[in-house]
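Visitor: Could you take me through one part of this structure, slowly and side chain by side chain? I would like to look at the aromatic rings, and then at the charged groups.

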Amino acid sequence: MTALIVSGCTTAPPTSETVNQRDISESANKPPSLPSGVKADRILVDKSDRTLVLFNGGKEIARYNKIRFGDVPMGHKRFEGDERTPEGKYTINGRNSASSYHLSLRVSYPNAADIAYAEARGRSAGGDIFIHGQPNGYNGAPIARDWTDGCIALSNAEIEQVWELVPDGAEIEIRP
């Protein structure tokens with residue numbers, strides 16, 4: 001049976017009414033220009049630099065800056081509800097064009113080690129970690145603060161480009 005992935009982050013997304021002016025970027029992030037037909041085989045996310053970099057054959061093909069994370073951006077995701085973004089090596093293992101956020105690429109968190117760590121402490125590791133755009137229905141500039149429940153957020157224009165460049169099965173490494 002195929003499961004439908006409805007959304008990435010699980011709390012109610014911000015709306016134009018709940019996001020104040022200091023929480024939005026001065027201007028929308030614009031994706032880099034790329035030749036047609038290029039595809040990424042690897043993603044590197046650096047949480048401290050707030051960058052997401054796409055590679056093909058070891059060569060950088062695109063870089064996105066000012067990306068946003070969970071409400072608690074420091075540290076590796078350990079448990080469901082901790083609002084942290086995972087750290088480690090995963091894969092892109094699905095996509096959803098009908099999520100609560102503008103497009104979403106599923107990250108394969110949790111892996112076996114993540115599950116074992118949480119279970120040893122009587123907890124759930126959580127899941128539903130995605131790279132996605134802004135909340136559907138939100139028409140402002142990209143939210144310029146950490147606001148997800150552990151996902152990686154981009155501008156809508158950026159996620160549209162990443163959606164086209166990153167196939168299912170691509171490796172993703174998320175560094176502190």
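**Rings and charges, up close**

Guide: Happy to. Tyr90 and Tyr109 are both buried, and this is a predicted model, so please read each value below as computed from it. The two tyrosines form an edge-to-face pair, with 5.9 Å from centre to centre and 70° between the planes. Tyr90 belongs to strand E4, while Tyr109 is in the loop between E5 and H1, so their pairing ties together parts that lie 19 residues apart in sequence.

Stay with Tyr109 for a moment, as its backbone deserves a look too. The peptide bond that joins Tyr109 to Pro110 is cis, with omega at about 5°. Pro110 sits in the loop that runs between strand E5 (104-107) and helix H1 (112-120).

The structure holds three aromatic pairs, and here is another one of them. The ring centres of Tyr101 and Trp147 are 5.8 Å apart and the planes meet at 40°, so this pair is tilted. It links distant parts of the chain, 46 residues apart: Tyr101 is in the loop between E4 and E5, and Trp147 is in the loop between strand E6 (129-132) and strand E7 (152-153). Both Tyr101 and Trp147 are buried.

The loop between E4 and E5 also holds Leu103. Leu103 has a positive phi, near 60°, although it is a residue other than glycine, and with a relative accessible area of 13% it is buried. Lys66 lies in the loop between strand E3 (59-65) and strand E4 (88-96), and with a relative accessible area of 56% it is exposed.

Next, the places where charge and ring come together. The charged end of Arg121 sits over the ring of Tyr117, at 3.6 Å from the ring centre. Arg123 lies over the face of Phe79, and there the distance to the ring centre is 4.0 Å.

Now for charge with charge. Side chains of opposite charge can pair when their charged atoms come close. A search of the whole structure finds eight salt bridges. One of them joins Glu173 and Arg42, at 3.2 Å from N to O. This pair links distant parts of the chain, with Glu173 in strand E8 (residues 171-175) and Arg42 in strand E1 (residues 42-46), 131 residues apart. Glu173 counts as buried at 17% relative accessibility, whereas Arg42 counts as partly exposed at 25%.

In another bridge, Asp82 pairs with Lys77, and their closest N and O atoms are 2.9 Å apart. Asp82 is buried, with a relative accessible area of 15%, and Lys77 is buried too, at 3%. Going back to Arg42 and Glu173, salt bridges with shared partners join these two and Arg175 into one network.

A further bridge, between the side chains of Glu60 and Arg63, has an N to O distance of 2.9 Å. Glu60 is partly exposed at 35% relative accessibility, and Arg63 is partly exposed at 39%.

One last stop is Gln161, in helix H2 (residues 156-165). Gln161 counts as buried at 16% relative accessibility. Neighbours within four places in sequence aside, Gln161 is in contact with Pro31, Pro32, Leu34 and Tyr64.

Technical notes:
Residues numbered from 1 in each chain as written. Predicted model: local features only at pLDDT ≥ 70, side-chain atom pairs only at ≥ 80, totals over all residues. Heavy atoms only, no water. Helix = DSSP H or I, 4+ residues; strand = E, 2+ residues; numbered from the N terminus. Buried < 20%, exposed > 50% of the residue type's maximum accessible area, 1.4 Å probe, protein only. Phe/Tyr/Trp six-rings, centres within 6.5 Å; stacked < 30°, edge-to-face > 60°. Lys NZ or Arg CZ within 6 Å of the ring centre and 35° of its normal. Contact = heavy atoms within 4.5 Å. Salt bridge = Lys/Arg side-chain N within 4 Å of Asp/Glu carboxyl O.
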